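Biologist: Please show me the chain, and let us then discuss it by question and answer.

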Amino acid sequence: MVDALDEFSKSEYEKNLFVQELLSLNSTRTTLRVFITSRPDHNIAKELGGEKVDIEASETDIHAYIERAIETNFALKSWVRKRPELRTKMLATIPNKARNM
């Protein structure tokens, strides 16, 4: 699995070489499956071709993730305990930002 290919920090040329290498691995080994995630990117889509699956977290999923993060992250839990309005602000702001990704 390759996650966030669009965030590959090398040049576009190096990113394309990396994609080609992944595709060649996938085509030469029948038991190997490659799963690549990326935000929408025309160059990546052109290089990969193949099947595209759109995945989007629902607002409910994001809220559950935030609540769990608050409960399990010591620093975050401490901040929210000191400033309860942070929970409300995170629950309102983060899902909106996620829709624009």
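Modeller: Thr-31 lies in the loop between α1 (12–28) and α2 (42–48); helices (H or I, at least four residues) are DSSP runs, numbered from the N terminus. This is a predicted model, in which local features need pLDDT of at least 70, side-chain atom pairs count only at pLDDT 80 or more, and totals for chains, interfaces and linings use all residues. Residues are numbered from 1 along each chain as its sequence is written, and side-chain values use heavy atoms, with hydrogens and water left out.

Biologist: Is Thr-31 buried or exposed?

Modeller: Buried means under 20% relative accessible area, exposed over 50%, and partly exposed in between (1.4 Å probe, protein chains only). The relative accessible area of Thr-31 is 75%, so Thr-31 is exposed.

Biologist: Is Thr-37 buried or exposed?

Modeller: Thr-37 is also placed in the loop between α1 and α2. Its relative accessibility is 18%, and therefore Thr-37 counts as buried.

Biologist: Leaving aside neighbours within four places in sequence, which residues is Met-90 in contact with?

Modeller: Contact means heavy atoms within 4.5 Å. With those neighbours within four places left aside, the contacts of Met-90 are Ile-66, Ile-70, Leu-76, Val-80 and Pro-95.

Notes: Helix = DSSP H or I, 4+ residues; strand = E, 2+ residues; numbered from the N terminus.
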